[in-house]
2 protein chains.
Amino acid sequence: MLSPYGLDIIESCLTCKMRADRIFCDLPTAALQAFESIKYATAYPKGAVLFVEGQAPRGIFVLCKGRVKMSICACDGKTLILKIAEPGEVLGLSATVSGKAYELTAETIDPCQVNFVKRDDFLRFLKEHGDACFKVAEQLSEKYNVACHEVRALGLSHSAGEKLAKLLLEWSSKNGESQKQEPRLKLALTHEEIAQMIGTSRETVTRLFADLKKRQILQTKGSTLVIRNKAALRSLATTG
Amino acid sequence: MLSPYGLDIIESCLTCKMRADRIFCDLPTAALQAFESIKYATAYPKGAVLFVEGQAPRGIFVLCKGRVKMSICACDGKTLILKIAEPGEVLGLSATVSGKAYELTAETIDPCQVNFVKRDDFLRFLKEHGDACFKVAEQLSEKYNVACHEVRALGLSHSAGEKLAKLLLEWSSKNGESQKQEPRLKLALTHEEIAQMIGTSRETVTRLFADLKKRQILQTKGSTLVIRNKAALRSLATTG
DNA sequence: CTGAGTACGTGATATCCGTCACAGGGTGGT
DNA sequence: ACCACCCTGTGACGGATATCACGTACTCAG
């Protein structure tokens, strides 16, 4: 198969290595085969837009490779990044199920492989495969959960420092680095993007980082970030 | 049947008048009967707590009568009200499906009638009734949608005035008053609670209302609120 | 009626942070 | 190598709003 943007294409869900731990991958073979028959494997370059908030739902996008930025944006251009989706996630699911417009905008930030399924095909698939439908409910619950966390972070932490601290801790826990004494993580986002994730301005992020470094809580080596004082960061995350 | 807190109890989902337009009410009779057999009809007084954020999910609560306040709260006691649930809504759904802790706290603000279903029973019910499962997915999508709107409101509208304007417009559209020239609505919440809905302080809400009245945009008669200048309110809701 | 409790109204003050402005350092293209 | 262009760092300034503090009005029980 072609490898349009430097991707090794995963041919089939049946042989995909992530099958065990991902939604839609962990289904009875019959359901998976049905899914295979309605999906369109597609590849996108970095910076492609899968869908835009407000669009009528065309279908779902199962992310197989690469990362996708999920964001909402205000009329004045201000943007809020809700999450960076990772392989295995299903994008556009809730809009496709409910028939309402996509709530978010999805834009690739890496070259990505995506399985697209048209709305009609997907709904028919769900009606015919009860176990898939249940999976969808689980996945939606998960998304709802994440959204609630976001709401909590935005609504209850009134200082930007608190939100940044929360974000860093969350990242370090994702990397499986959190239990280490001094977790490390790669900063794959610009200050601007980090600002958009916590709803603040670029300058504030820069200043916060400067402050955290001065206080010996963080340290940077190139684009690698070391958390030198986890406890301090954690206390920043829970109070102002 | 008993009417513990001044409620007329709805005996059965099969004869419930809301059946047509509500989730779980609009199901094939077979599924509804199965649902009947696992549900516990309960009544709560005002101020009762159905579940608390962080609790392991015991099951779902279908709200039949009364209103329920859904909120999250920070360790320091600061509270954010996400929504006021109305009859027909299913509470605790996503936690029950995913098995994760309840994301929110649910507290009645009226005397309420509720149908409770234990988690195990509910999950079994879902596996056996594909159409119910699909309904659940729809319902979860809806909740996700609302959460996204909340995120947008919290994260992108940086002024409190904007959020208040949005809230008032949303309320007036719920009441079916929105198309009128001068929509009216009953203010059933205190300033404190409104503040908690838009993530600001009580005093700010008071001051905003005062300002809106001074500018002839709003007018109050007792607890009734009249929107005198819809256009102005709408422009406040989209800009600062 | 009276006092306690709760909701509302309003001023003074401090602070966080968004915005503007500019400067330095990387990086990639031609 | 050179020039754009983007990212980062930092100062100055002002505005929105949280917080504190207090006074007023309303409700409800005794």
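In chain B, B:V68 stands opposite B:T108 in β7(B), within a pairing of strand β4 (residues 68-73) of chain B with β7(B) that is antiparallel and held by four bridges. Two strands are taken to pair if DSSP finds at least two bridges between them, and the elements named here are DSSP runs numbered from the N terminus, helices being H or I with at least four residues and strands E with at least two. This is a predicted model, in which local features need pLDDT of at least 70 and side-chain atom pairs count only at pLDDT 80 or more, while totals for chains, interfaces and linings use all residues. Residues are numbered from 1 along each chain as its sequence is written, and chains are lettered from A and ligands numbered from 1 in the order in which they are written.

**Strands of chain B**

- Strand β7 (residues 105-108) of chain B is also joined by two bridges to strand β2 (residues 49-51) of chain B, and these two strands run antiparallel.
- In β7(B), B:E107 is the residue that stands opposite B:V49.

**Contact between chains A and B**

- Chain B and chain A each bring 36 residues to their contact, where two residues are in contact if their C-beta atoms, placed from the backbone, lie within 7 Å.
- On the side of chain B that touches chain A, at least two residues come from each of β5 (79-85), α2 (93-98), α3 (119-128) and α4 (130-156), and α4(B) has the largest share, with 20 residues.
- That side of chain B divides into 19 nonpolar, eight polar and nine charged residues, with Ala, Val, Leu, Ile, Met, Phe, Trp, Tyr, Cys and Pro counted as nonpolar, Asp, Glu, Lys and Arg as charged, and the others, Gly among them, as polar.

**Surface near DNA strand C**

- DNA strand C is surrounded by 15 residues, the closest being A:S159, A:S201, A:T204, B:T190 and B:H191; a residue is near a molecule or strand if its C-beta atom, placed from the backbone, lies within 6 Å of it.
- At least two residues of this surface come from each of α5 (160-174) and α7 (202-214) of chain A and α6 (191-198) and α7 (202-214) of chain B, and α7(B) gives the most, with five residues.
- The residues of the surface near DNA strand C comprise three nonpolar, eight polar and four charged.

**Helices α5(A) and α7(A)**

- A:A160, A:G161 and A:L164 in α5(A) meet A:T204, A:V205 and A:L208 in α7(A), a contact of four nonpolar, two polar and no charged residues.
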